[in-house]
Amino acid sequence: MTRVLLAEDDFDFGSILKQYLEIHSFNVTWAQDGKEALNIFKKDDFDICVFDVMMPKMDGFTLAEKVINMNPEVPFVFLTAKKLKEDRIIGLKLGADDYIVKPFEADILVLRLKNILKRTQKVQVTKAQIETIGNYKFDASKQLLHFNEVEQRLTEKETMLIQYLYTHRNNIIKRDDLLKDVWGNDDFFSGRSMDVFISRLRKYFKQDPSITIESVRGLGLTFKIDIGSK
């Protein structure tokens, strides 16, 4: 069973979510504040985390930062009653896989979690041998990007995105196709999340001028590798 760490301080809402997720075959551990959730995470392994943003003792954003430091590969989702753009941006920068604004139907959360887990499992299935990308070595199995002696550890989403871009290198990649294939949907949140991840990859590959990620106005982008580089 998929193990879920749910951090939600509202007793009634948390109880309902826990029961609904368990009905759909999730194994749910429920914490009622951020500090309790962190202590639980330190002692056990989880497939995905669901964090309310506003919680006592430790808010969801702080909790996510600490969880990422311990295990950067675990996917996580934020729940919030706020619709502030600033909160969404914070969540995106932390690498959240989704950001769900309350109120929402419980079945929406179930579908979002299943879609996220499908994508992360897909990364593991498609991991291949080490690839040479320009002057970089890309090890998908270990989620590492090497440039000379410098090693960049990657998240699951970054690994999947590099694989997708490399597979479609030197071709125009439509924004909608990229969103659907890597993020699972093309809504506003996924679009902003993709922009954040693309910016990260530009920084990762900046040491090799033969590699560029160029925006194509009105269409999408291209992952360009000069002829002579793999």
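User: Which residues touch the most other members in the largest nonpolar core?
Analyst: That core has 29 residues, and the ones touching the most other members are Ile-133, Leu-161, Leu-165, Leu-178, Leu-201, Phe-205 and Phe-223. Two or more residues each come from strand E7 (136-139), strand E8 (144-147), helix H6 (156-167), helix H7 (175-183), helix H8 (188-204), strand E11 (211-216) and strand E12 (220-225). H6 is the top contributor to this core, with six residues.

User: Before we go on, what kind of model is this?
Analyst: It is a predicted model: local features need pLDDT of at least 70 and side-chain atom pairs count only at pLDDT 80 or more, while totals for chains, interfaces and linings use all residues. Residues are numbered from 1 along each chain as its sequence is written, and side-chain values use heavy atoms, with hydrogens and water left out.

User: And what do you call a nonpolar core?
Analyst: A set of buried Ala, Val, Leu, Ile, Met, Phe, Trp, Tyr and Cys residues joined through side-chain atoms within 4.5 Å. Buried means under 20% relative accessible area, exposed means over 50%, and partly exposed is in between (1.4 Å probe, protein chains only). Helices (H or I, at least four residues) and strands (E, at least two) are DSSP runs numbered from the N terminus.

User: Okay, what does Phe-205 touch?
Analyst: Leaving out residues up to four places away in sequence, Phe-205 touches Ile-133, Tyr-136, Leu-145, Ile-162, Ile-211 and Phe-223. Contact here means heavy atoms within 4.5 Å.

User: How do the rings of Tyr-136 and Phe-205 sit?
Analyst: A search of the whole structure gives eight aromatic pairs. For Tyr-136 and Phe-205, the ring centres are 5.0 Å apart and the planes are at 70 degrees, so this pair is edge-to-face. It joins distant parts of the chain, 69 residues apart, with Tyr-136 in strand E7 and Phe-205 in the loop between H8 and E11. Rings of Phe, Tyr and Trp (its six-membered ring) pair if their centres lie within 6.5 Å; planes under 30 degrees apart are stacked, over 60 edge-to-face, and the rest tilted.

User: Are Tyr-136 and Phe-205 buried or exposed?
Analyst: Both Tyr-136 and Phe-205 are buried. They also belong to one aromatic cluster with Phe-147 and Phe-223.

User: Switching topic: what is the strand order in the five-stranded sheet?
Analyst: The order is E2-E1-E3-E4-E5, in an open sheet with parallel pairing. Strand E2 (26-31) and strand E5 (98-101) are the edges, each pairing on one side only. From one strand to the next, the twist averages 20 degrees. Strands pair if DSSP finds at least two bridges between them. Axes are lines fitted to C-alpha atoms, for helices over the stretch in contact, with angles from 0 to 180 degrees between N-to-C directions.

User: How many residues of E4 are buried?
Analyst: Five of the five, so E4 is largely enclosed by the rest of the structure. Phe-76, Phe-78 and Thr-80 are buried on one side, and Val-77 and Leu-79 on the other.

User: What about the sheet of three strands?
Analyst: That open sheet has the order E10-E12-E11, with antiparallel pairing. Its edge strands are strand E10 (172-174) and E11. E11 and E12 pair over six bridges, and Glu-214 stands opposite Thr-222 in E12. H7 lies across E10 and E12, at about 65 degrees to E10. H8 packs on the sheet too, touching E11 and E12, and its direction makes about 150 degrees with that of E11.

User: Which rings have Arg-3 and Arg-200 over their faces?
Analyst: Arg-3 lies over Phe-46, at 5.2 Å from the ring centre, and Arg-200 over Phe-197, at 4.5 Å. The test is NZ of Lys or CZ of Arg within 6 Å of the ring centre and within 35 degrees of the ring normal.

User: Last one: what is phi for Lys-57 and Gln-143?
Analyst: Phi is positive in both, though neither is a glycine: about 70 degrees for Lys-57 and near 55 degrees for Gln-143. Lys-57 sits in the loop between E3 and helix H3 (60-70) and is exposed at 68% relative accessibility. Gln-143 is in the loop between E7 and E8 and is buried at 5%.
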